Amino acid sequence: MNEFDAIYCYNLRGNQRTAGELSRKEGGKVFGSGSRSTVAVLILVKGGTAAGTGEGCQLHYRDIGDYLNREDKLRIVSGQALDTVEWQQISPSPEGDWINQRDERFATFQAIGEKDKALRERSVFVLHSNGLMTGRDSWVYNFSRPKLTENVESTIDFYNEQVRGFEAHCEETALASRQQPTSTGTSTTTRRTSAGTGRTRRISRRGGGMPSTDNVSSRPRTGPSRSSICTSTRS
């Protein structure tokens, strides 16, 4: 607001990211199926004496109304001019709220939680945590125990099927013995995850000697290992 002499905001509503009575009050979408968000016309006036000073900038607001369909909104707008609209002059709150301004008493309430360590003792809860996080809630949470068991077993079966398919692919294409030259003349093969250990086995050939095997720690992949998840779930 510090850069303008006047701001005109004409709220045409139409927010379809709502439901029920609130959605009906929002009315039709002025752009039809091309928009689901609120649409507003914003006119910014700049260049007068108030520009750049933050003093004298006037904020004019107009809400087109409730329960209006698309045709009604377009008809109302087409029959108006800037100087004929019944603008509501508003003053933003210190927090920057134009409409639906917050109650100032809210800032005096005790905080539920504070990230600032110096203020944590004043809050209701001292500990911050995301709680239990699985990364796959749609599969491992369910109100129905049989359905949950079915989902988890289906996940295990699909994962194991993919592992077997990958192993078969490695055998068919001799991936385990395919050499990839390095800058030092040592050839190192593609890494493969050993099932049930969560570790990666690297097979390399140094010169013309026998293959050597090194176990290299690695971060577990997206899916759990076969033996670990099958044992914990189907025991």
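This is a predicted model: local features need pLDDT of at least 70, side-chain atom pairs count only at pLDDT 80 or more; totals for chains, interfaces and linings use all residues.
Among contacts in this chain between residues at least 6 apart in sequence, 54% join residues at least 24 apart, where a contact means heavy atoms within 4.5 Å. Residues are numbered from 1 along each chain as its sequence is written, and side-chain values use heavy atoms, with hydrogens and water left out.

First, the overall make-up. The chain has 5 helices and 8 strands. These are DSSP runs numbered from the N terminus, helices being H or I of at least four residues and strands being E of at least two. Along the sequence the pattern reads β-α-β-β-α-β-α-α-β-β-β-β-α. Of the 235 residues in the chain, 20% are buried. Buried means under 20% relative accessible area, exposed means over 50%, and partly exposed lies in between, with a 1.4 Å probe and protein chains only. The chain exposes about 17,200 Å², and carbon and sulfur atoms supply 51% of that area. Accessible areas come from the Shrake-Rupley method with a 1.4 Å probe; for residues, only the protein chains shown count as cover.

Next, a sheet. How many strands form the open sheet, and in what order? There are 4 strands, in the order β2-β1-β3-β4, and the pairing is mixed. β2 (40–45) and β4 are at the edges with a single partner strand each, so one side of each has no neighbour in the sheet. From one strand to the next, the twist averages 20 degrees. Axes here are lines fitted to C-alpha atoms, for helices over the stretch in contact, and angles run from 0 to 180 degrees between N-to-C directions.

Now the pairs one at a time; two strands pair if DSSP finds at least two bridges between them. β1 and β2 run antiparallel and are joined by 6 bridges; Y8 has I43 in β2 as its bridge partner. β1 (residues 6–11) and β3 (residues 58–63) are parallel, over 6 bridges, and A6 is bridged to Q58 in β3. β3 pairs with β4 (residues 88–90) in the antiparallel sense over 3 bridges, with Q88 in β4 as the bridge partner of Y61.

Most residues other than glycine have a negative phi. R13 sits in the loop between β1 and α1 (20–26), and R13 is buried, at 9% relative accessible area. Y67 also has a positive phi near 60 degrees. Y67 is in the loop between β3 and α2 (70–78), and counts as partly exposed at 48% relative accessibility.

R13 comes up again with E26. E26 belongs to helix α1 and is buried, with a relative accessible area of 10%. Leaving out residues up to four places away in sequence, E26 touches R13, G14, N15, Q16, T18, T38 and K73.

Last, the cysteines. A disulfide is a pair of cysteine sulfur atoms within 2.5 Å, and by this rule the count is 0. Are C57 and C170 buried or exposed? C57 is buried at 17% relative accessibility, and C170 is buried at 2%.
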